Amino acid sequence: MLTGTFQEFLKLSTQLRPGYTASLGKAPAGGSDAILEFTPEVPVLLRSVYDTVLGTGGAEEDPGLLEFIPGYRLIHIGEYGHEVKILSGILQEKGYTGGGIVLPLLTNYGSDFICYYRSEEGVERICDLLHDYGDLVVMYDSPEKFLETLCEFYKQEVYFLDEEGYLDCDLVKEGEVGAALNPDAEYWSE
């Protein structure tokens, strides 16, 4: 199911930004297995993503193709280990004691992250982690809701291209759609 929803996200992204999916590169079979170095089991969301595409590499120059969502790029699988170290360092520096598994998915150039989080009880969430604060804030109630919400952002024209060709969003509408689809996520109520 997640792979199908991820495919829908890619289709919607490419409709707004032709060439976006191609810019992510095609993953080799079992591309997500690289993540096994950092966790005993690759979460279904990360498997769906990294068995499909490689991610946005540092060589991408087209501003319209850099971002997965406004302000964040999909971490390239070849840079995954480096980003895991940065994320782990932030969590350690800020004294994170929440347990569970925290893995990076999206990042920006300020070392902020959108992370996959699975609690010790097995509950999966997608969280925001701002480098300056170090607190995981639930953005999406589940990996499924993460991808469904991003698809809705395209369908409801929350996402658009600004005059310079960068992916942008209507912040008010983003908050309304995000809160409606993720009622338990504290991020949208702030």
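**Helix packing, aromatic pairs and loops**

Guide: Helix α1 (residues 2-16) and α5 pack at an angle of about 25°, and their axes are 9 Å apart. Helices (H or I, at least four residues) and strands (E, at least two) are DSSP runs, numbered from the N terminus. The model is predicted, so local features need pLDDT of at least 70 and side-chain atom pairs pLDDT 80 or more, while totals for chains, interfaces and linings use all residues. Residues are numbered from 1 along each chain as its sequence is written, and side-chain values use heavy atoms, leaving out hydrogens and water.

Visitor: How is the packing of α1 and α5 to be read, by what angle and distance?

Guide: Two packed helices are described by the angle between their axes and the distance between those axes. Axes are lines fitted to C-alpha atoms, for helices over the stretch in contact, and angles run from 0 to 180 degrees between N-to-C directions. At about 25° and 9 Å, α1 and α5 are therefore roughly parallel (under 35 degrees; over 145 is roughly antiparallel, 65 to 115 roughly perpendicular, the rest oblique). Their crossing is left-handed (the near helix is turned anticlockwise from the far one by less than a right angle; clockwise is right-handed).

Visitor: Which residues of α1 and α5 meet?

Guide: In α1, L2, T5, F6, E8, F9, L12, S13 and L16 take part, meeting P143, E144, L147, E148, L150, C151, Y154 and K155 of α5. Contact here means heavy atoms within 4.5 Å.

Visitor: At what angle do α5 and α6 pack, and how far apart are their axes?

Guide: The angle between α5 and α6 is about 145°, with 10 Å between their axes. The crossing of α5 and α6 is right-handed. The contact involves K145, T149, E152 and F153 of α5, together with E174, V177, G178 and L181 of α6.

Visitor: How many aromatic pairs does the structure hold?

Guide: There are 12 aromatic pairs. Rings of Phe, Tyr and Trp (its six-membered ring) pair if their centres lie within 6.5 Å; planes under 30 degrees apart count as stacked, over 60 as edge-to-face and the rest as tilted. F153 and W188 form an edge-to-face pair, with 6.2 Å centre to centre and 70° between the planes. F153 belongs to α5 (residues 143-155) and W188 to the segment after α6 (171-181), so this pair ties together parts 35 residues apart in sequence. F153 and W188 are both buried (under 20% relative accessible area; exposed is over 50%, partly exposed in between; 1.4 Å probe, protein chains only). F153 and W188 also belong to one aromatic cluster, which includes F6, F9, Y154 and Y187.

Visitor: Which non-glycine residue in the loop between α5 and β6 deserves attention, and what is its phi?

Guide: Most residues other than glycine have a negative phi. E157, in the loop between α5 and β6 (159-161), has a positive phi near 60°. E157 is exposed, at 63% relative accessibility. S111 also has a positive phi, about 60°, although it is not a glycine. S111 is in the loop between β2 (101-107) and β3 (113-118), and is partly exposed at 23%.

Visitor: Is E120 buried or exposed, and which residues does E120 touch?

Guide: E120 lies in the loop between β3 and β4 (124-129). E120 is exposed, with a relative accessible area of 65%. Not counting residues up to four places away in sequence, E120 touches G99 and G100.
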